[in-house]
Number of protein chains: 2
Amino acid sequence: MLKIDYNNMTIQTLGKKNGIDVDKSVKIDKSLIENAFQSVHSTRGQGMQEWMDLPYVNADLIEQIKSFTAPIKDSASDFVVFGIGGSALGIQSVATGLIHQRHNSLSAKDRKCPRLFVEDNIDPNRFLSLLDCVDIDNAYFNVITKSGETSETLAQFLCIYDLLIKRLGRHKAVQRIIITTTIGKGSLYKVAMQEGFKVFGIGQGVGGRFSVLSVVGLVTFGVLGFDINQLLLGARQMTERCFLPDIYQNPALMMAYLQVCSIKSGKNISVFMPYADGLKFIADFYSQLWGESLGKKFDMQGNEIYAGQTPMRALGVTDQHSQIQLFVEGPFDKVVTFLTVKDFGVSKEIPKIEGLQMGDFLSGHTLNDLLDAERIATEWALTKNGRANFNVILPKIDEYSIGELLAYLMMQTCFVGSLLNINTYDQPGVEHGKIATFARLGRQGYDRQLREMEQIKKMDKYTI
Amino acid sequence: MLKIDYNNMTIQTLGKKNGIDVDKSVKIDKSLIENAFQSVHSTRGQGMQEWMDLPYVNADLIEQIKSFTAPIKDSASDFVVFGIGGSALGIQSVATGLIHQRHNSLSAKDRKCPRLFVEDNIDPNRFLSLLDCVDIDNAYFNVITKSGETSETLAQFLCIYDLLIKRLGRHKAVQRIIITTTIGKGSLYKVAMQEGFKVFGIGQGVGGRFSVLSVVGLVTFGVLGFDINQLLLGARQMTERCFLPDIYQNPALMMAYLQVCSIKSGKNISVFMPYADGLKFIADFYSQLWGESLGKKFDMQGNEIYAGQTPMRALGVTDQHSQIQLFVEGPFDKVVTFLTVKDFGVSKEIPKIEGLQMGDFLSGHTLNDLLDAERIATEWALTKNGRANFNVILPKIDEYSIGELLAYLMMQTCFVGSLLNINTYDQPGVEHGKIATFARLGRQGYDRQLREMEQIKKMDKYTI
């Protein structure tokens, strides 16, 4: 079972100046915590909280996904996801954790499923390089956009569908494209109906950043041969723990509360640092959840509050040689979440080589030991220097544990939003840029916006 | 020539509340700026500023690197770098920018040089997965550690040398390993002398995070066939610009000063956001420079100041769908550095597909246009909402431009350190963790430390 050790947030280890007196604070903020919990609990599964029900999906959908994806798993050379933000990060997080670390470099026989490409950018070099290495005759493309209107994803779709038509003819091209979008909404859905693409529908109350356990993630996980039932079982068990009313039993509620205490004491940065290479995209997944859900100008009553805590991605042990100096000696403006794996399932011993006078303290240990010692040492160095940190401990990297982890991270975000009295589920700040993009591209109806943009005058003297 | 547009840092575009009155501030802080500049200038190339002379390296060294690397370039299947922090990030930044975006997926004929693996972690899964895909009979290993004592790198070295010896015999194994370290220092150097490895020496005054233009980077760049002369030429030209005494002519000094103004007004986060997939590791390079150089407990007089600004990696357009909501609506605690590429050298048109009612505003434009429009729109959205940002503009992604960029980033960091009156070049905060790691691994002489670590008592009630 996933566990969370938050000793290093408390006055008992950090001292009075930097630690939280957990028991006292919980008592003082009793009604704040209860209200935040009730506000989430009373609308569980409703409206934009529909995502909370995803782990409880009926067996039919899973069977449908399995039977659709099995032939792709067995026959396709490549599986390409076109999506961005919530349509990419959840897939990357889970997939990178569970596939071989050099999956795309293995032979088809060793992989036992297609190569995976998650294309979440429109850089022309990157797109063209994809075409250089994908076997277009044996590839499938999963186009994911909840709104059916995401510019980047539509652009990628147009490029690839055009290419497939030219190569295979329209009839065969249609078979190679999967559309994952909201049923009945957006131009991509209309086009899918017209052309006859396979469509998977995303629920209305499932926002992109909370969609990993919907068809957004599950279709790709099916293609990669993951155990979807275990993934959802882990998420279900964690969801139940996160609806326990006692904060001392509820990991998401407790950590949400302690993060809010930290924000209030000036810690405006939340570092997420997995000690496992395969889980590095979980830090990206967390960053979107945290940044987009909590970065809000207004509270629920419309008061300007400019809320938010900035997520920072890090990777152990790699970033010890880049960021730990700052974490240990810089401003007291961070909370560090460590993500630890108890059992990697494999290990590699560091050998002793005859006649070499070096690394005696290393030889005989495993790389696992070294990784673990460094993580413990880093935790200790931070704590000794009064820096708040806590540890999310996964028993191993498998479907069940990752399911628990995803559910924990989403529930925690949702409780923080409730404690901060903001709308966790909208992203009004993104609209400015979308509209300005349309204006720059000359889309009809955006002339006024273009004129407004052109009014900003830049001075040559401020360019070097 | 690389240009920097900092209009969006000024009161003229951001307004009085959020913008800097550049001309007035520069006048007020005239002596602060002059002193900081002089302090760097008067010791140019000396002590830990030896790295500033790297772009002026003599032609002999370049020829030596070229003649050593040419046969590896032409014959090896794989080139593996074992290094961490400054021994990895510079290499990744430059290499990922200049090689094909799916270099390792191309055929040997298309690549024209070995596959590249930069291994900057000790995760056992990752290490074993490397062995699954590297062609050990045709691979070279570049082991990089300035001190010759980095635990992670020594562990990797021991694992691979042991494997090579078993596979090829000791004599042939020796030929496959290159050591890049400080001449005459550390146990790796001693072992290299004893075994007969090829050694490249790092200068004493070249810290890891400032070492990319030394042999630390150049050997790998030679193997990949980059134009080292152009890389160093770009760096030289930028270095000269960064030693111009007039702040309005000196990009590194001006941006260092404006960053320090931002830190003083509460902006404790520095976002680095390239709009080019190939340059994403430049954000990691910047993060180490910024975090490790500027995150300091003491100033030069030994006063406790807990200085530092936290670097945050982002990627355009990808992170628009993850972080822009927070950047636009969250706290006013950030400066965003955009990195823009004028000419990608390639382009991809977004086609119009007959009979499809979608994306009309996209068709006919290129992916380049879309990327550019989104970057401009994001800049505009931030500026409109009073968020400080500036734009580093590369004419294209080639050796010359990347040379300019690296020199600019290093010089900027160095001027910020001088303006903050801290030691830019040390990292005392990293020592705690190193010592604690030795203690955990049972290294001789660290018993006291181990006992100290064991004294921290964790309470079960604070684990959920």
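This is a predicted model: local features need pLDDT of at least 70, side-chain atom pairs count only at pLDDT 80 or more; totals for chains, interfaces and linings use all residues.
**Positive phi**

- For background, most residues other than glycine have a negative phi.
- You'll find B:Tyr306 in the loop between helix H14 (280–294) and S8 of chain B.
- Over in chain A, A:Lys112 has a positive phi of about 65° and isn't a glycine either.
- A:Lys112 sits in the loop between helix H6 (108–111) and strand S3 (115–119) of chain A.
- With 61% relative accessibility, A:Lys112 counts as exposed, because the exposed class starts over 50%.

**Cis peptide bonds**

- In chain A, the bond joining A:Gly316 and A:Val317 is cis, with omega about -5°.
- A:Val317 belongs to the loop between strand S8 (310–313) and helix H15 (324–329) of chain A.
- In chain B, the peptide bond from B:Gly316 to B:Val317 is cis, and its omega is near -10°.
- B:Val317 is in the loop that runs between strand S8 (310–313) and helix H15 (324–329) of chain B.

**The sheet in chain B**

- Five strands of chain B make an open sheet with mixed pairing, in the order S1-S10-S9-S7-S8.
- Strand S1 (3–5) and S8 of chain B are the edge strands, each with a single partner, so one side of each has no neighbour in the sheet.
- From one strand to the next, the twist averages 20°.
- Strand S7 (residues 269–274) and strand S9 (residues 334–343) of chain B run parallel and are joined by six bridges.

- Helix H13 (residues 251–264) of chain B lies across S1, S7, S9 and strand S10 (389–396) of chain B.
- H13 of chain B runs at about 150° to S9(B).
- Helix H16 (residues 367–384) of chain B packs on the sheet too, touching S9 and S10 of chain B.
- The direction of H16 of chain B makes about 155° with that of S9(B).

Notes: Residues are numbered from 1 along each chain as its sequence is written. Chains are lettered from A and ligands numbered from 1 in the order in which they are written. Side-chain values use heavy atoms; hydrogens and water are left out. Helices (H or I, at least four residues) and strands (E, at least two) are DSSP runs, numbered from the N terminus. Buried means under 20% relative accessible area, exposed over 50%, partly exposed in between (1.4 Å probe, protein chains only). Two strands pair if DSSP finds at least two bridges between them. Axes are lines fitted to C-alpha atoms, for helices over the stretch in contact, and angles run from 0 to 180 degrees between N-to-C directions. Contact means heavy atoms within 4.5 Å.
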